[in-house]
Amino acid sequence: MDANGPHDDTAFPTPAPVAPPAWHTLGVPWRYAFQPRTAATLMVAASRRGFWISFGLCLLAIPCVLVWLFLWADMVTVDWSASPAATTSAPWTPSVVERSAAEVWRDWHTYGWLGWAEWTAIGVVLGALATVAFMAWLHLGTVHESGPAGPSYRRAFRAVASVSGLVVLATLVFGSIIVALDNAEDRLRGTDRTVSFDEIGPLLAVGIIATICLLPAWIGRAVRDVRQGLTPPPLPPRCEGCGYDLTHVAADGRCTECGLDVASSLTPDLRRPGCPWEDEPDPLAWLRTSYAVIVSPATFYGRLRLRTPERPALHFSLWHYAVLGIVGAVFMFFFMMAVDGAGDSELVCLLVCAFLFAAPAVGWITHRFIGAVATSWWLTHAMLPDVRWARKVIAYETAYLWIFGLYNMALFILGALTDGRFAPESVRTLCRNVFGMRPEEVLFCGNSLLCFFWLWRYRTAIRAIRWSNF
Ligand SMILES: [Zn+2]
């Protein structure tokens with residue numbers, strides 16, 4: 001009989017979902033490398049053994065690919081010492097040295113069997129494991145619904161691990177292009193012909209930066225589909241002031257604990273009229289909502305409805321990331337024009353493209369990290385009746401990223417304004433005179449302080465939403 005087939009719910013208890021056999025999960029991260037949601041769902045459904053074999057193969061593949069790339073790169077090298085063909089007029093004529101893979105491997109292991117390749121492999125595997133564990137923690141709030149957080153963390157871990165196939169493929173593709181170009185360049189260096197791959201270089205750099213920065217979005221897609229589908233238990237009406245259960249208190253009475261009148265807690269339009277963005281999602285409402293979030297979080301979250309669908313909040317957040325990328329790129333363009341006068345157009349292009357992806361990516365990591373700290377605190381202290389509310393708060397908090405953006409842009413401009421061009425020495429002097437610190441200290445301390453304020457904002461937010469009835 002098919003265990004997953006139709007059955008009579010009244011006659012038999014619902015069977016636990018049967019994990020597919022281990023071999024079935026084997027190639028999932030590769031086969032569905034470009035379908036993150038399918039890969040994540042299959043990896044979450046896999047048996048423990050199936051998951052670890054499949055993920056373990058990906059973990060081993062990453063150092064194998066890297067070691068192979070380094071091996072390949074070392075197969076063609078340039079010897080800059082005097083070659084037999086050298087003359088007194090050109091004593092440093094480079095000569096190309098070509099070795100087979102076996103020869104390179106032997107040279108790597110001159111001092112024993114545990115060469116740097118093995119150490120790299122161990123380091124990469126540990127690093128990859130730590131990264132997956134960290135990313136899973138960042139997404140705990142996205143996956144968790146109710147009950148203990150442990151199973152949700154395991155689901156998040158598996159979903160993040162399902163993206164490893166794509167990471168291996170991207171490393172292989174970009175690494176092969178880089179090594180092939182490098183080797184071709186080395187081979188031509190031995191001849192009279194001079195050749196340079198400078199045109200491809202910046203393009204490749206932008207491709208790599210874009211891939212690294214889009215990876216979080218990819219993981220986000222994978223993770224969002226692996227929720228268990230549990231609905232939290234229905235919540236009784238609460239006093240907005242102290243959380244007292246108002247089930248048995250008269251509608252026109254007062255809370256017996258804190259004296260707040262019941263109508264003010266239970267009248268939706270009075271207590272929580274919502275926010276402009278959720279009423280009418282247009283650019284003006286987006287700006288007004290963002291302003292309200294940044295300037296007065298207590299008021300904003302005090303008026304926000306928490307039991308409405310999450311989608312508008314997610315769109316609010318996505319728009320912030322998109323605008324952040326565009327503003328970052330435009331800022332970089334004008335900044336480079338002002339300080340450099342487009343002296344190096346390739347560099348300007350590279351920086352503008354990099355900022356288009358890097359500004360949202362750095363913002364994303366900061367945003368999710370602070371959000372995960374807050375969510376972990378709320379979960380371990382059982383401070384929120386429904387985790388979905390935390391997701392809403394985190395989504396609306398994206399607006400606060402603009403404070404980081406403005407601060408860092410101001411530092412850039414400050415540096416440029418000191419004498420009309422970007423001179424590290426003048427920035428150093430300015431920072432010492434104004435803050436009594438070095439530039440990197442100003443950068444670090446300022447951003448750390450903003451992170452601390454952010455945690456404080458989450459504290460404000462939870463106080464405003466904790467006993468929400470709407
Ligand atoms: Zn009360």
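**View 1. Thr398 lies in the loop between helix H18 (387-396) and helix H19 (401-417).** Helices (H or I, at least four residues) and strands (E, at least two) are DSSP runs, numbered from the N terminus. This is a predicted model, in which local features need pLDDT of at least 70 and side-chain atom pairs count only at pLDDT 80 or more, while totals for chains, interfaces and linings use all residues. Residues are numbered from 1 along each chain as its sequence is written, and side-chain values use heavy atoms, with hydrogens and water left out. Thr398 has a relative accessible area of 0% and is therefore buried; buried means under 20% relative accessible area, exposed over 50%, and partly exposed in between (1.4 Å probe, protein chains only). Leaving out residues up to four places away in sequence, Thr398 touches Ser317, His320, Tyr321 and His367, where contact means heavy atoms within 4.5 Å. The side chains of Thr398 and Ser317 also form a polar contact (2.9 Å). Such a contact is a pair of N or O atoms within 3.5 Å; within protein, one must be able to donate a hydrogen and the other to accept it, and residues adjacent in sequence count only if both atoms are side-chain atoms.

**View 2. Ala382 occupies the loop between helix H17 (345-380) and H18.** The phi angle of Ala382 is near 45°, a positive value in a residue other than glycine. Ala382 counts as exposed because its relative accessibility is 61%.

View 3. Cys239 is buried at 1% relative accessibility, whereas Cys242 is partly exposed at 30%.

**View 4. The largest nonpolar core has 72 residues.** A nonpolar core is a set of buried Ala, Val, Leu, Ile, Met, Phe, Trp, Tyr and Cys residues joined through side-chain atoms within 4.5 Å. The residues with the most contacts inside this core are Phe55, Tyr301, Trp378, Tyr396 and Tyr458. Leaving aside neighbours within four places in sequence, Phe55 is in contact with Met43, Leu129, Val132, Phe157, Ala161 and Ser164.
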